[in-house]
Amino acid sequence: MNAGESQRAPWIVGVSGASGTPYAAAVLRALVDAGEAVDLVVSRASRLTLLDETGISFRDAHWQEDLREWLARGADGKPGTFDVDVSGIRYWSAGDLAAGPSSGSYPAKGMLVVPASTACVAGVALGLSKDLLQRAASVTLKERRPLVVAVRETPLNGQTLRHLVALDDAGASVVPASPAFYAGATHIQDLVDFVAGRVLDAAGVGHGLYRRWKGELGGGSAAVR
């Protein structure tokens, strides 16, 4: 291991099986744009969602090629919308429980779970660690590092609400995937970027994904004229 490698401290991004893979793509692009190192964990269930929402098969043996194609797509599904350098991203298989992020001694800034399914929320809240995504989230909590959970489900039942409260009590930030309209959205990508931006806000990562509220009424409507 060289000196540069030993100083690497990535954000871990976990993608669960909930609908909302464009949210994950937007977060990943913004982290790369911010110059952040990223460790990516894609759950088995999320591969099915990704295939359904984008037509992309995410394969361990060809993850860089598949990731590049995924991140290049806009939220409207149009390919080649973005040009993304994935060289700063390291991929770990969700079944690899011996991976770096499974240990508290592995250097990481924190973890973003986007989107987070209710099954993922339950697994992390209960400490099940059934795969690397859940284990990495549990490690993030025990090491008192930032954990942001972007839950994507509606309606929420009492059991899931209790799990979310448990995560909040444990120190996680719960960020529902709820787009806002005051930023003057004119395209589906604007709504996706708003949610991604709020996830990054909770983690303290700088970005320019959406127009921030400045206390002036009508700013959003003026932006779309």
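How many aromatic pairs does the structure hold? It holds 6 aromatic pairs, where rings of Phe, Tyr and Trp (its six-membered ring) pair if their centres lie within 6.5 Å. This is a predicted model, in which local features need pLDDT of at least 70, side-chain atom pairs count only at pLDDT 80 or more, and totals for chains, interfaces and linings use all residues. Residues are numbered from 1 along each chain as its sequence is written, and side-chain values use heavy atoms, with hydrogens and water left out.

**Aromatic pairs and a charge over a ring**

- The ring centres of Phe-194 and Tyr-210 lie 4.8 Å apart with planes at 55°, so this pair is tilted. Planes under 30 degrees apart count as stacked, over 60 as edge-to-face and the rest as tilted.
- Phe-194 belongs to helix α8 (residues 188-203), while Tyr-210 sits in the loop between α8 and α9 (219-223). The two are 16 residues apart, and the pair links distant parts of the chain. Helices (H or I, at least four residues) and strands (E, at least two) are DSSP runs, numbered from the N terminus.
- Phe-194 is buried at 6% relative accessible area, and Tyr-210 is buried at 13%. Buried means under 20% relative accessible area, exposed over 50%, and partly exposed in between (1.4 Å probe, protein chains only).
- Ring pairs join Tyr-182, Phe-194, Tyr-210 and Trp-213 into a cluster.
- Trp-213 is in the loop between α8 and α9 and is partly exposed, at 46%. Its C-alpha atom is 7.3 Å from that of Ala-183, 30 residues away along the chain.
- Arg-29 lies over the face of Phe-82, 3.8 Å from the ring centre. The criterion is NZ of Lys or CZ of Arg within 6 Å of the ring centre and within 35 degrees of the ring normal.

**The sheet**

- The open sheet has 6 strands in the order β3-β2-β1-β4-β5-β6, with parallel pairing. Two strands pair if DSSP finds at least two bridges between them.
- β3 (89-93) and β6 (173-174) are the edge strands, each with a single partner, so one side of each has no neighbour in the sheet.
- β2 (residues 38-42) is parallel to β1, joined by 5 bridges. Ile-12 has Asp-39 as its bridge partner in β2.
- From β1 the chain passes through helix α2 (residues 21-33) to β2, a right-handed β-α-β crossover. Right-handed means that, with the strands pointing away from the viewer, the path from the first strand over the helix to the second runs clockwise.
- β1 also pairs with β4 (residues 110-116), parallel, over 4 bridges. Trp-11 is opposite Gly-110 there.
- β2 and β3 run parallel and share 5 bridges. Val-41 has Trp-92 as its partner in β3.

**Strand β1 inside the structure**

- In β1 (residues 11-15), 5 of the 5 residues are buried, so the strand is largely enclosed by the rest of the structure.
- Trp-11, Val-13 and Val-15 point one way, and Ile-12 and Gly-14 the other.
- In a regular strand the side chains alternate between the two faces of the sheet.

**Helices across the sheet**

- Helix α4 (residues 63-72) lies across β1, β2 and β3, at about 115° to β3. Axes are lines fitted to C-alpha atoms, for helices over the stretch in contact, and angles run from 0 to 180 degrees between N-to-C directions.
- Helix α6 (residues 132-142) lies across β1, β2, β3, β4 and β5 (147-151), at about 135° to β4.
- Gln-134 is in α6 and is buried, at 3%. Beyond residues up to four places away in sequence, Gln-134 touches Ala-119, Cys-120, Gly-123, Val-124, Leu-128 and Ser-129. Contact means heavy atoms within 4.5 Å.

**Backbone exceptions**

- Most residues other than glycine have a negative phi, and most peptide bonds are trans.
- Val-114 and Pro-115 are joined by a cis peptide bond, omega about -10°. Pro-115 lies in β4.
- Thr-154 and Pro-155 are also joined by a cis bond, omega about -10°. Pro-155 is in the loop between β5 and α7.
- Ser-129, not a glycine, has a positive phi of about 50°. Ser-129 is in the loop between α5 (118-126) and α6 and is partly exposed, at 21%.
- Arg-144 has a positive phi near 60°. Arg-144 lies in the loop between α6 and β5 and is exposed, at 68%.
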